[in-house]
Amino acid sequence: MGDRSSWYNQIDAVAERFNREYQGQPFELPDEVEAMPIFRDWTSGGLTSRIAAPFWKLAQPKKSQRCLDVGCGVSFLIYPWRDWNAFFYGQDISDIACDSLNSRAPQLNSKLFKGAAKGPAHQLQYEDQQFDLAIATGFSCYYPLDYWEAVLTEMRRVLKPGGTLVFDVVNPESALAENWAILETYLGAEVLLTELGEWQALLKRSNTKVLKTLDHELSRLYSLQFLP
C-alpha cells in the first residue's frame, strides 16, 4: 500500500501550505514564478473561482441528506448549504480551516452544520454507512494513486449503500495544468500530474461505477457509486 511515511510528509506539507494561505501569511517565490500570469491571477483571487470544482452540478445535496465534505476548507461558509437544506459534515487536514468552520458556521445555521473534524482523507473520523453523499474535491493532485486507493476504501466505508461520491482530478492536458502545478509546488505542495487513464484504472480496481463526468477548466469531476 505504498510508503505511508511519505504520505504523512506530504499531508503535513499540504496542511502547511493551506494554513499559511488561510492566515494570510506571505509566500516567498522566485521572481520568474511571480512573473507568471497564473501567479497574478492567484494573488488577485481570480484563480480560485476558475479552478473550484462545481460538485453540485453532478450531485447537488438534497434536503435532509447527510453530506460529508472531505478536504472541506471553509466550504460551508461559501457554498449554498442553507439553500440545499442538507446536513454538512466536514473533515480537513488544516486546523485553521476546521477551527474557522467550527467557530463561524454554527452562527450561519446550527441545524445544518454538524461540525468539521481534523484528519486526513484516508482516516475519516466518521461511522460506517453514515452518509448519502461524499465530496472530495481540490486535493487529489497532491497524492499518489496508492494513497487514493486507501481514500476510496474509506469512502466506501462511510457511504450508505447506493450513496454517491463526487471527486475531481487534475487533467494534465488542461492548458492551465502545468503552470498551476509549478505555482502550487512553489507554494509548498508538490502536484502530481497523473494521467486520466491511470485514474480510470484506479476507479475500476476500486469496484466503482462512474455515473457522470464533467470537464472543468483545470479538472475532471466524477460522480460515482461503489458496487457491492
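Begin by selecting S64, which sits in the loop between α4 (46–51) and β1 (66–70), and keep in mind throughout the tour that this is a predicted model. With a relative accessible area of 44%, S64 is partly exposed, because that value falls between the 20% and 50% limits used here. Look next at its backbone, where phi is near 70°, a positive value in a residue other than glycine. Most residues other than glycine have a negative phi.

Move on to N207, which is found in the loop between α9 (196–205) and β6 (208–215). N207 is partly exposed, and its relative accessible area is 32%.

R17 counts as buried, because its relative accessibility is 3% and buried means under 20%. To see what surrounds R17, display F27, W42, Y142, E184, L187, G188 and A189, with which R17 is in contact once its neighbours within four places in sequence are left aside.

For the last stop, select E28, D31, E32 and E34 together, as these residues form a negative surface patch. Within this patch, pick out E32, whose place is in helix α2, residues 31–34. Is E32 buried or exposed? At 56% relative accessibility, E32 counts as exposed, because the limit for that class is over 50%.

Key: Residues numbered from 1 in each chain as written. Predicted model: local features only at pLDDT ≥ 70, side-chain atom pairs only at ≥ 80, totals over all residues. Heavy atoms only, no water. Buried < 20%, exposed > 50% of the residue type's maximum accessible area, 1.4 Å probe, protein only. Contact = heavy atoms within 4.5 Å. Patch = residues over 30% accessible without salt bridge, like charges linked within 9 Å, V, L, I, M, F, W, Y side chains within 5 Å. Areas by Shrake-Rupley, 256 points an atom, 1.4 Å probe, with all protein chains shown as cover. Salt bridge = Lys/Arg side-chain N within 4 Å of Asp/Glu carboxyl O. Lys, Arg positive; Asp, Glu negative; His and termini not counted. Charge placed at Lys NZ, Arg CZ, Asp CG, Glu CD. Helix = DSSP H or I, 4+ residues; strand = E, 2+ residues; numbered from the N terminus.
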